[in-house]
Structure formats: C-alpha cells, structure tokens
Amino acid sequence: MTQLSEHAQEEGSVHEHVTQLLSSHALPEGVLLDLGCGFSAAAASCAELGLEYLGVSGEAADLEELSKQGLATALVPLGERTPLAKRLEDVLAGRQLAAITALDLLGRTARPAELLTALAAVARRHKGAPLVVSVANVSHFDVAAKLISGRWDVTPAGLLQEDHLSLFASARLEAELSQAGWREVKADDLVVRRSDQHFPETLTALSVGTPLHDFLLEVREHSAPGALVDQFVRAYLPVARPRPASRPDAPVFLEAPFLSVIVRTQGRRLMTLEDNLTSLAAQTNRDIEVIVCCHDTADNDYAAVTEMMGRLPRWLVERSRTIRVDGGGRARPLQVGVGEASGRYVAFLDDDDLALCHWVEEFAKLVKLHPGAVARAGCATHSIDEEAWECGTGYCQIGPTTTPYPLEFDLVAHLVGNRTPNCSVAIPRSCFTDLGMSFDEALPVLEDWDMLLNAALLCGVVSTPEVTSLYRRWKRGYASHIEHPEETWDLTTWSIRARFDARPVLVPPGSVSRLTQMEMTANTVAQLQSDLEAMRESLATATTEVADLWVEKGQLLARVEAAEKLLAVAEQRASVAERQVAVVERQVKVTERQAAVAEEHVAVAEQRVKVAERQAAVAEEHVAVAEQRVKVAEQGANLAVQGIDVAEQRAAVAEQHAAVAEQSAVVAQQGAALAEERVVFAEQRVAAAEERLVFAEQRVAAAEQHVAVAEQSAAVAEQAVALVQERVDFAEQRVAAAEQGAALAQQGIALAQEHVDFAEQRVAAAEQGAALAQQGVAVAQERVIFAEQRVLAAEQRAAEVEQYASEVAALAETRLRECREAETRARVAAAERDAALARLQAATSEAEARVRDEYEATKSWKVTVPLRLALRLVEAYRQRSS
Amino acid sequence: MATALRVQTVRYGGDDRRLLRMLRSVTAAARQFGDGAAGSALTVAIGDCGGPEGPGAVLGGAALTEAREILTRAGILLDYVAFGRNLGHGAAQNVLAERAAGSPDPGADCDVLVLANPDTYLSPNCLAKLVRVLDDDSVGIAEARQIPLEHPRTFDLATGDTPWASGCLMAIQAAVFEARGGFEPAFFLYGDDVDLSWRVRLAGLRVVHVPEAAVFHDKELMVTGFPAPSLEEEYQTVLARLLLGHRAERPDFVEQWLGWAGLQGSELHRRAAGEFVRRQAEGVLPATYREALGLSKDAVASVTFFHEGEYAEHRF
C-alpha cells in the first residue's frame, strides 16, 4: 500500500482519483462506508464533501489505528454475503448511505463476486448509492514484459501483492462487477508508466528505447486497454436487475464460418454488385458469410440492393445480410463490416471486384497451410467503362486482363507501396479482436494498404500465385483513383510509411539476407555508379582520342591521296619522259641515219676522190698518150723535118689534147670541190645532231626534275648517246678511212704529179694541168682535215653530255628514292587502314558466327523441321484444292 | 407470353460439383424467369458423353441423384441422356434438341433452347433477360455476357447485334435451331457456335449480345492473366478454324493457318492441320456455305469474317 501510494503520488494518487469520483457520484449526504479502510488516509476529504466517514474492516488491527486518529470504525467480517449486507445495515443504524469505497479490497478477497453482490444489495436499498473501487491491474505492461522474460515477482505491496487472492485485468473487472449488479458510470484509472514492478531497471523488456520494449509496448497498447494502468479506479451504480452470468471467454459463434466477406458498396452500381454477388454464389467453397455494407446509400438504392440479395440462391441468402453505414470515409464501412463479422477470417470486396470460383477455396487452402497468417492470392485486373443499358447504367470490359501485381508477397516491396489489391487478401479476424487493429478512418485512401501492412507485420503472409480475383479499374465515373488527386495518394503514402517508420517492426525470416543483399546492392550500385562515372570519363577521353585519330587518319588518308596523286603525276611524267626518251631515241636514230648519210657522203667523196684519181690516171694516160704523141711529135718533128707543117699541125693537135687534159683536170678539180662540199654538208648534219643532243639533254633534264623513272630513261638516253658516240666514232673511222683514201689519192695524185712532171717535162701544158689537179686535191685534203677537227669537237660535246646525263641520273635516283619512300609510307598507312578494316570485319564475322551458332544451337530444329512440315501441309492442301 | 424453356448442357467428365453448381444457378434463375412470365415451363436436359469408366466417365449415381433432387425441389424436369460415347458438343446438343421436338410428351416441347456449358453459373436474371430479347422475332440467338472475363468480341451498343454468339451460354429459338439443322457435327468442340451463328445470320436473323444477362464462366487464369487453354482446346481450335475457312471458301485463311500450325504450332496444332488435310483428301469435309445454303459468294462474304484467327472485330 505504501509503495503504491508513493508511485501514485508521482502521477496523481488513487485517493485523489477516488475523491474526484466521490465528488461527482456520491449522494449529497450520509455515510461513506470505507470497506477495508483503504481510504482512511484521505478521510479528511470526506468532511469537505459533507460525508460522514466510517471505516469497516474484518481486522481489528486496522481499526485500532483509525480509532486512535478519532475516526469512526466498525468491525465487520467481509467474507459472507447475506450476513454482510445485514451487518452493514446494522452498522449504518438507519443512517443514509452516501457511497461505498473498496480500495485495494477486491484483490485481497477470495470470492469478490459475493462481496460485490452484497454491496449491490445494500446500495439498492440506499437510493442507489455508488461504489468506488480501486483494483491493481496485473495486465500492466511491466508485468507482461517481465513475464516475457519469465519473471513473476511477488512483492509485499503493489501490483503483485503477496496477499492478493484474486488477480484482475480489465475484462475480469468488468465481468465481475457487471455480474454482481453494478453498472460502470465513470472510470478514472490511475496510469503509471513505471509501476512498482518496474524492476530490475536493466531488464531489456522494461528498458524504454530498446526495440524489444518498444515493440512489446506497441503490441500491448493496441491489443487491449490498460497497458499502463496501475490501478483501475472506477465508479459504479447498482442496477435494478443483474444479468445472468456468462463466461467472458466463451466463443460467440459456435458455428462460425471460415470467411466473412465484407462487400463495400454505395448502391450506385447495381450491375457490378450483381456480378460480384454472382461470382460469390459460384464459389466452390461455400463456407462463407456475406456482409454487404451499404455506405451512405440512398433509400431507393438500398431497397434495390436488398431486393437483389433476395434473388441470390437460397443458401447464400441465408448467409448474407446488408447493413447500412452512414458517414465516415472509405474505411468506415470496412470497419463496421469487420465489427459485424463472425468468420475466422475476413476478406473484402468492393462492389466492382469479381471473385473467381476458387477464391474462397484457395484462401482456405492457404490458411490450412499456415493458420493465423494473412492469406494472399494472385489478382488480375482489367479496365471497365460505364455503358448505357436498357435497364439503366451498365458497364463493359474495355481492356485485356493482365496481372500487374506481384504473385508472391514481399514485405519490403509493400513498404514502398501497395502491391496487393484488397480483394486478394484474407485477414485473420483475430487481428481486429485481439490485436486491436482497425481500418484507419482518418486516411482518405490506402486504408487497405495500411491494414495489410499492420496485419502482415504481425501475422506474416502466406501466398499463392493462383489468380483468384479480378480488380477492375474504371475509365471514368466514381472511383477512388479518379476521385482523389494524385497528391492525396502521395501524401497518404508518405504518412503511412512514416508511421511505420516511427516504430519498431517485426520482419519475417529471410529479411536479414534480404536487407544484407539490399545494402550490398546499394554498395554495389554506388560502386557501379562510380565505375560508370570513371568509365564515362575514360569514354570521353577515348572519344576525344578517337576523334583525334579520326582527324589524323583523315590527314593520313589525305596524304596518301596526295602521294597517290603525286605518284600518278610522276607516272604521267614518267610516261611523258618515256615518250620523250622515245623521241630522243627516234632522234638518235635519225642522227644515226644522218651519220650514215654522212658516211655515205664520205663514201661518195671517196668515190669522187677515186674518180678523181682515175681521172688523174686517165690524165696520166693522156699525159702518156701525150708523151707518146710527143714522141710521135718528135717522130713527127723528125717527120716535121719531113714536114714541119705536119708537125706543127700535129703539135696543135697535141696542144688541143693538152687543153682537153687541162679540161679533165678542171673536171677533177670540180669533183674534189663537190666532195669538199659534201663533207661540209656532213659537218653541218653532225652539228645539227649536236644541237639535237643538246635539246635531248634539256628534255632529259626536264624529265629528271619531275620523274623517278627518268634515271632509266636517262640511262637509255646515255646508251643512246653512247650508241650515237659509237656511230660518231664509226663515222670518224669512216672519215679517217676516207682521209686515208684521200691520202692514197694524194699519193696517187703525187704519182700523177710525177707522171705529170714527167709529162711536163715532156709536155709543159700537160705538166701545168697535172699541177692544177694536184692543187685541187690538196684543197680537198685540207677540207677533210677540217671535217676531222669538227668530228673531234662533236666527240668532246658528246662526252660533256654524257657527264651531265650521269649527274641528272643521280638526281633522278634521289628523287626516285624519295618517291619510293613516300610510296612505302602510303603503303604502310594503307596497310594500317586495311588491318583496321580486317579487324572490324573479323569482329563482325565473329559476332555473326556467334549469333548463327546460338541460333543453330537453339532454333535450327524448330526452324527447319516445322518449315518443311508447314510447306508440306500447304502443298498438300493446294494439290487437293486444285 | 408463356414460354417453354429447355436448358441443355453436354458433359464429358470434369468436376461434377461444377455441373451441380450450374444446376443450382439454373434453379435461382428459374425463379426470376417464372416470376417474369406466368405459366412458363422449364426443363433441363443433360447430355452425357461419358463412357463407362475413365476420366470422361458417365455422371456418377450419387451426383445424378443430387442433380435430380436439386431440380425437383425447384419444380424443374430433368431429361438425362447417356450417349455412352463422346459425340462431340454439337452432335450431342442436336440429339438433345431432337428429343424435345420429337417427343410424344407434350411437356417436352419447348419454344426456346438455352445452350449452356456445364462450367457456367447463371446470374439470377440471366434466363429472364435472354428470353425477353427473344420475344423479338427478328432475333435468332441471344447471348449472355460472360464474367469475370468478358468476351472481347464487338457488339452494337444500341441494338446488341454481334457477329456471332458464344456457346458458353446462348438462347436460341427452338424453331430456328431446328430449321438450321442444329450444329454442324464436323465441329467437335469449338467453332460450332460461330458456324451456327453465321448460318442463323445468313438466314436473315439477328444474333444479339445481352449485357444484362450475366453468366459466370468458370475460367482459371494463368499467372499472366490469360485463361489456361486445355489440350483439347489447342487441337480443336485449329481444326475449327480450318473448317470455318473451308466452309466460307477462304483458301487464304486456310493456307495461313496450315502454315502457322506447321511452322509455329504445337504437336497438337500440327495434328489438327493433318486431320483437316486428311478429311479433304477423303472428301469428307462439310459442304461450303454456298453449296449448303444456295447463296451467292457475296452473301456469304457479308456475314463471315476472318482476321488473325478471329471471326469478328474485337474491342480489345
């Protein structure tokens, strides 16, 4: 008692609560019977209320103390009913009873019902005087938490007082008093967060802030009232006729169905409701009751609903009822329906939902598998739209049926948002009756999600992927997803999630690995994101590099192109040079031909010299003839002695012959002059050839500047020049031969001169003619020497040309090397390009091959065999048809 | 107007509880039907294609007794026929209809035939709504709206006119059924409803979708949300497509599906294609609409429709 008082004083005391109740409910005046003297410490407050205190106890020791304080007392044994009432009347001795207090008395009584019944009888006789009791609450959280840890600590005083014979929780207190004929008029329980049982302090279940404590307290607070009530302090009035006793824990429904189906409707869409009820009538498992909750339904609509219910098959009519629910939000009819339900499980359908015929059957299977868990089945959905029918507003399915909801329940996914239409779960009714759960009427939407999470966290979920229901979405008209704006859904989602986040929750087995995986995934994601970032950066770099390489490649390609162009130009130039060389060759040939012509001319000159020689010989012969004639003349002179006239005539004839010889010598001289002219002409031709060679040289030089191949052509030109030189040499030899011939001719001429001298001696005229011939020959000789000098000069020029050609060849060689290097670089660039193309082609081929392999490995039989079969079938059909 | 109604269903194995459930729904729907037209009479005919044993066995004694009890309690006559073998859906329905027409029993005569699958569950209003639509003589067939999955076939929002009616649950004037010669037995399981609908329309009558008459068609959905097809459905659907293409003289459609079956189809699809080719070779294919009904090609083309394996425009 003392300990209780100490605790009570922390948060208001029992006495204060009792005084408060007495001030409200005690009769205006009379005696306060304080049974067990629990109120004695506050007896002073009786006087303030105008009441006369009388302490009553069966223990004399209790009373002695009070008597010493000057309080009125009476010794009455409190165990027996009939004598107790009588004795209390005796003690009152005709005085009016104003109220009865029984503080901490019922716990110390073995049979409180009897005591309470006797008190009710007395109170009824005294104008219905009230009873105020205080009783220790053994269902206080501290006691419950300690029991979890296996502790039951009896103490001298307090909640588990050692002399307590009866233990009370809220339900028993209500039952005992009600059965004894008392009606509660006011409860003013003493709430004590830390009761006298709050020890040891370090017990985890008692320590505020530990998950175990907070979770247990959460469950305890929701399950039944009085989690933190230390003392029930309540005022009662006697009732005229007490109700018969019944066991508080007896089941209300002995034949409770498996499933209570709560159908929520507003009575506006009778067609969907009728379909809904038809789908319930078609259930394979009929262990159900149907409660149609008509929410804010107009009278005529409600009448239509009840009329429709009457058309159902009889078995279902017997198990169905309609109730009207007015006011509140979407949660109200569900909550009211649950209150009406009697099934072991409760399931919910909106009037536009449809059940497949094994909806109940699958729930029953799941519950058999896992009793007490939330049962969840697969759910499909499709869209519907309003449509005008003959009978009024109808509806029509307007889209295909899909299954967007996960087929298995996942708690974590459901914390994110609702993934379970309300029609696809069945919830144990015990959640509502024993765990204090309810649909939150404050929520505008998502009340089903809130409920599902509450139930799932405590009961767990057993699910099947079997699709057993259809959730339908309206395209237009009234529907929660149309009526409420998106912000409402978002806000409600956040608020529900925040509510769950604020308290400790139980997670199902497997959650540790799930959470671990999530954390690891989060880490991996972070890592991957950072990798991704790095890769993006390197990609950017690589992209830049690639761009640079592309530029470089472009440049290289341009250079290759330019080199190719240069090559083409060089080739063109080479071909030009070739053509020029050909021209030069042709010119050399011409030169050769001209040299040959010169030779021929020399030969002709020789022949002319020979002719001149022969003429000289003829002249000699003529001289000889002249000598003979001279002899003849001598003979004639001799004869002239014989006949001077004849001799003179004959001398005239000789003179005439000498004139003829002279004329012949002139002719020979003219022939030599002609030969000389021919040699001059040959010299001119050689000079022309020289000029042509110079020209060729210039051409070769031009070819050298442009082309690589010019070397070859230069070589060819060189050879040609050499050939020309040889020809020139040959021509020189020929000229030399001609010179020798000329020398011989000179000797011949000299001989002829001797003959002429001899003839001179013989004939002066013939001698003079021969001398003239000799002079002409000398002139021819001089001309030949001049030609020789000219040939030598041509030879020197040819040597110079040769040297120049070799220099040009070296230069052309250098150019050719450069050109070849450029060509090599171009070839390397082209090879690189080809290699890159080859790699690309190889990669493409490999990918293609892989795809083909995969295709071959998986599809080939499917493709080839059915194709043949298909063709065969079609062919057969065509043949038959034709 | 008093209407005599005959609900006909053909069973072959399957879950007997479904059939009993269907019969219960008929009793509930009959109450509305009876309320709507005083003096209306109702008979339920069950054609049993089950053999003596095996998966397609004949309706068990206990189930048959229960069926009889369910109907008797509601004052409905039962006409149960065991064929002893699987005739196929259309042929079995024909036999059931002929029994009504040819019976000397005046009570067996009927005005309207309601052809229902055994895996359906009729909504309470279903029969009354269908029969009322058939009061209009221009309507040959009235079709119910299926739930939970509506048939996607298009229909006229104002008149309900639709290209063909599903055999899941249709009501047809008995006289029309008889005049059209009932179902074409060449269709064993699927496509017979399309064929019958087209022939009714080719005869100048309307086929009407009645959305107010809901019927729950017990489909199991795969996890994808699509109904799970049975093996028999796989085979019969392809065969039905080929037969419809043949009757409407659409060789392009036939070739398309022969090719499809050969290329992409399953073993069953290919077998169905082979069966069609075999029938054609043996000359046992049903007559074309032109031959059978003496109509022009244009007349046939105005009613028949082929597109991507469907026989009507679809809403979704």
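Colleague: How many residues of chain A are in contact with chain B, and how many of chain B with chain A?

Modeller: First, some ground rules: this is a predicted model, where local features need pLDDT of at least 70 and side-chain atom pairs count only at pLDDT 80 or more, while totals for chains, interfaces and linings use all residues. Residues are numbered from 1 along each chain as its sequence is written, chains are lettered from A and ligands numbered from 1 in the order in which they are written, and side-chain values use heavy atoms, with hydrogens and water left out. Contact means heavy atoms within 4.5 Å. Here 51 residues of chain A touch 46 residues of chain B.

Colleague: What area is buried between chain A and chain B?

Modeller: Buried area is the accessible area (1.4 Å probe) that two parts lose on being put together, summed over both. In this model the value is about 4,100 Å², with 61% from carbon and sulfur atoms. On the chain A side, R311(A), L873(A) and Y877(A) lose the most area, together 17% of what that side buries.

Colleague: How many salt bridges are there between chain A and chain B?

Modeller: A salt bridge pairs a side-chain nitrogen of Lys or Arg with a carboxyl oxygen of Asp or Glu within 4 Å. The count between these chains is 2. One joins R878(A) to E255(B), at 2.8 Å from N to O.
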